[in-house]
Amino acid sequence: MSTTLLRLATAGSVDDGKSTLVGRLLFDSKSVLADQFDAVERVSRDRGMATADLALLTDGLRSEREQGITIDVAYRYFATAERAFILADCPGHVQYTRNTVTGASTADVVVLLVDVRKGLQEQTSRHLAVSSLLRVPHVVVVVNKIDLVDYDQATYEGVEAQVQAAAQRLGLTDVTTVPVSALAGDNVVTKSDRTPWYEGPSLLEHLEQLSPAGEPQSEPLRFPVQLVIRPQSAAEDRFRDYRGYAGQIASGLVRPGDPVTVLPSGRTSTVEAIDTADGELAEAHAPQSVTLRLTDDIDISRGDLVVTSRSVPGLTQDIDGTVAWLADHRLTPRTKVLLKHGTRTVQAMVVAIGGRLDLDTARLTPAESLELNDIGHVSLRLAAPIPAEEYLHSRATGAFLLIDPQDGGTLAAGMVGDALLASVEPLDA
Amino acid sequence: MSTHDTRRLTHLQWLESESIHIIREVIAEFERPVLLFSGGKDSVVMLHLAVKAFWPAPVPFPVLHVDTGHNFPEVLAYRDATVERLGLRLEVASVQDYIDDGRLRERADGTRNPLQTQPLLDAIEAHKFDAVFGGGRRDEEKARAKERVFSLRDEFGQWDPRNQRPELWNLYNGRHRPGEHVRVFPLSNWTELDVWQYIGQEKIELPPLYYAHDREVFERDGMLLAVGEFAQPKEHEVVQTRTVRYRTVGDMSCTGAVDSPAVTVEDVIAEVAATRVTERGATRADDRMSEAAMEDRKKEGYF
């Protein structure tokens, strides 16, 4: 049996039916087991409901239930015959930037919900903006509660038009809409005969067909070195002089004989072999974890980036980028941080703040500082050069973290380049 | 090139690659990692991944077993044989020692799973372990569903679900202050079925009680407990010999067997794929005590 894997993130607010939709996907794909369902039925009865409330399947921690809100991203798992799914369920109200950025950072597809009676809301636009910023390959907008408008085609098409207009404004190219009733199960797993006018697939059918992020054959090799493997005296004789570079391919593919360049040193060599515990490979591609051997004995250590010599990124100590600020204290210019890019961590200073993104208007506004959950533009000066590439072109090598050098906390999610400006153009549409 | 020139990993290859990346990050960023190893299937798979991550070099950290004293003998034998085969250093934190010298007291229900927390935290402190690999999976339980891959613990070993670091892309942040440590869960994204499919694909040997065998059991609270030193039937509980297997292995006094004819890994995969009950619901008395049992234990520093 050979199935592929797709990562999705769902985002939305409390009343749009997200929990019911996620519960429905889990339940109808038989990923909810009897003891979990029994618990949901019991609690539903205790709360005076006639039928099991599927939303309870995604109920969170007790500390969250006590406050009546979910605070944090929860991960759920379901599978069909074709595909395994990892779902990052991102709550909407509190910390929504932090949660949607987290969920979207690893997602192949973001699933957003819109109440068909309300149409496109501010929060949906914000989620679309975040999906655009994070360069999520696919977006699906579930137009929910279609049962409450009597499965009316015109109402659905009105919302669909709003969604597509917003997507176009944000530069999102792959946005699909599906008319759904999460409560009644219409078009979630199977196509509903109550929407005969809808010609597309059900939500799950659509998710089964989507291609995951990345086309290794069309991207240049990027291989951040995690560690050097040198068994030395601990190994059998034949491995005594072994020296391999272990890492997970971030983009592209590699074959023995390929010319490579090591950054930041700029030294060049040739791939001698691609090793795994299961034997040598004739080819490896993203996101495989492998160990590379090179023909030359050159100095390579953790933090270095091995790239194809056919496409070598430049080195820079000055980075302009978009950051989602995730810390409680505000970011001001001259703040010292650590920047983690691939497997390399360097000291950095925030030189300037270029503005804050107003997610409601999708415009950059002047700002002196960034507060918790703000998305803004910053200029950073690094203590050492790194091979930074535009996030727009490479999600894998354009992403970075900002880390607090004192307490080690994660301060910000960063993306190299003007992803922000690209996604909000045209400014005067 | 052919038209189907799209390179995709199978979901098991993808999960394996992610786990190996996580394990390697830990070795690169921490001073003193340790891997929690009980002989249970998840810890066995985790150790197998560690072997693959560093090949041809040996696994560069010791393993730690928090021993409840209520072990299945075949699991202990498996643990020792595995440690020997791989040339690992085994540390044992013994709940029995704590009970013997009065630092812990036996619970009224006889269950020792919740008693593991203190010996675990003491071992982490004594050995100055700064990264602790655990085999926890997010699909096991709802408190685990919100757990990070790199999960920071304060100097009391506590988990604060309200104050977790956001985890973005595959950029893990292992920074911590002296006295703090990080729990790392390389199998976060695996499901029970994934684990079994991988055991089948990799032909990983497990303790024999994961497969069907005849055993003397009695029923208590809907679970089949093995008759033995740590669990004796009460007067009204009937002892029968049944063909059973274990879906999880833990404290013998509270880990239940399930009726099963599954003698091979293929049989088990088919059974797990068709099952209608979660593994903890089926086999762990301690997790059925309250809706938040796991959440409470995790906050205190449990696995």
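Reader: How do strand S4 and strand S6 of chain B pair, in the parallel or the antiparallel sense?

Author: To read a pairing, look at the direction of the two strands and at the bridges between them. In this predicted model, S4 (residues 131-133) and S6 (residues 181-184) of chain B pair in the parallel sense. Three bridges hold the pairing.

Reader: Which sheet of chain B includes S4 and S6, and in what order do the strands come?

Author: List the strands by their place in the sheet. Here the order is S3-S2-S1-S4-S6-S5 in chain B. The sheet is open, has six strands, and its pairing is mixed.

Reader: Which are the edge strands?

Author: Look for strands that pair on one side only. They are S3 (90-94) and S5 (150-153) of chain B.

Reader: By what angle are neighbouring strands of this sheet turned against each other?

Author: The average is 30°, with direction ignored.

Reader: Which helices lie across the strands of chain B?

Author: Helix H2 (residues 41-54) of chain B lies across S1, S2 (63-67) and S4 of chain B. Its angle to S1(B) is about 140°. Helix H5 (residues 117-126) of chain B lies across S1, S2, S3, S4 and S6 of chain B. H5(B) runs at about 120° to S6(B).

Reader: Now helix against helix. How do H6 and H7 of chain B cross?

Author: Read the axes, then the angle, then the hand. The axes of H6 (residues 192-202) and H7 (residues 265-274) of chain B come within 9 Å and cross at roughly 165°. Angles over 145 degrees count as roughly antiparallel, so H6(B) and H7(B) are roughly antiparallel to each other. The crossing of H6(B) past H7(B) is left-handed.

Reader: Which residues make the contact of H6(B) with H7(B)?

Author: From H6(B) come B:Glu192, B:Leu193, B:Trp196, B:Gln197, B:Ile199 and B:Gly200. From H7(B) come B:Val265, B:Val268, B:Ile269, B:Val272 and B:Ala273. By class, eight are nonpolar, two polar and one charged.

Reader: At what angle do H2(B) and H6(B) pack?

Author: The angle is about 55°, and the axes are 11 Å apart. That makes H2(B) oblique to H6(B). The crossing of these two helices is left-handed.

Reader: Which residues of H2(B) and H6(B) are in contact?

Author: H2(B) brings B:Lys41, B:Asp42, B:Val45, B:His48, B:Leu49 and B:Lys52. H6(B) brings B:Glu192, B:Val195, B:Trp196, B:Tyr198, B:Ile199 and B:Glu202. This contact has six nonpolar, one polar and five charged residues.

Reader: On to chain A. To which strands is S19(A) joined by bridges?

Author: Follow one strand and note each pairing. S19 (residues 344-358) of chain A runs antiparallel to S18 (residues 336-341) of chain A, with six bridges between them. A:Leu339 pairs with A:Val346 in S19(A). S19(A) also runs antiparallel to S21 (residues 375-386) of chain A, over seven bridges. There A:Val350 has A:Leu380 as its bridge partner. With S20 (residues 363-365) of chain A, S19(A) pairs in the antiparallel sense over three bridges. A:Leu357 stands opposite A:Leu364 in S20(A).

Reader: How many residues lie between the strands of each hairpin?

Author: Count the residues in the turn, then check phi. S18(A) and S19(A) have two residues between them, and A:Gly342 in that turn has a positive phi of about 60°. S19(A) and S20(A) have four, and A:Ala362 takes a positive phi near 55°.

Reader: Where in chain B is confidence lowest, and where highest?

Author: Where pLDDT is low, the predicted coordinates should not be read in detail. Chain B has a mean pLDDT of 88, and 92% of its residues reach 70 or more. Confidence is lowest in H8 (residues 279-283) of chain B, at a mean of 63, and highest in S1 (residues 33-36) of chain B, at 98. The model scores ipTM 0.92 and pTM 0.92.

Notes
Residues are numbered from 1 along each chain as its sequence is written. Chains are lettered from A and ligands numbered from 1 in the order in which they are written. This is a predicted model: local features need pLDDT of at least 70, side-chain atom pairs count only at pLDDT 80 or more; totals for chains, interfaces and linings use all residues. Side-chain values use heavy atoms; hydrogens and water are left out. Two strands pair if DSSP finds at least two bridges between them. pLDDT is the predictor's confidence in each residue, from 0 to 100. Axes are lines fitted to C-alpha atoms, for helices over the stretch in contact, and angles run from 0 to 180 degrees between N-to-C directions. Angles under 35 degrees count as roughly parallel, over 145 as roughly antiparallel, 65 to 115 as roughly perpendicular and the rest as oblique. A crossing is left-handed if the near helix is turned anticlockwise from the far one by less than a right angle, and right-handed if clockwise. Contact means heavy atoms within 4.5 Å. Ala, Val, Leu, Ile, Met, Phe, Trp, Tyr, Cys and Pro count as nonpolar, Asp, Glu, Lys and Arg as charged, and the others, Gly among them, as polar.
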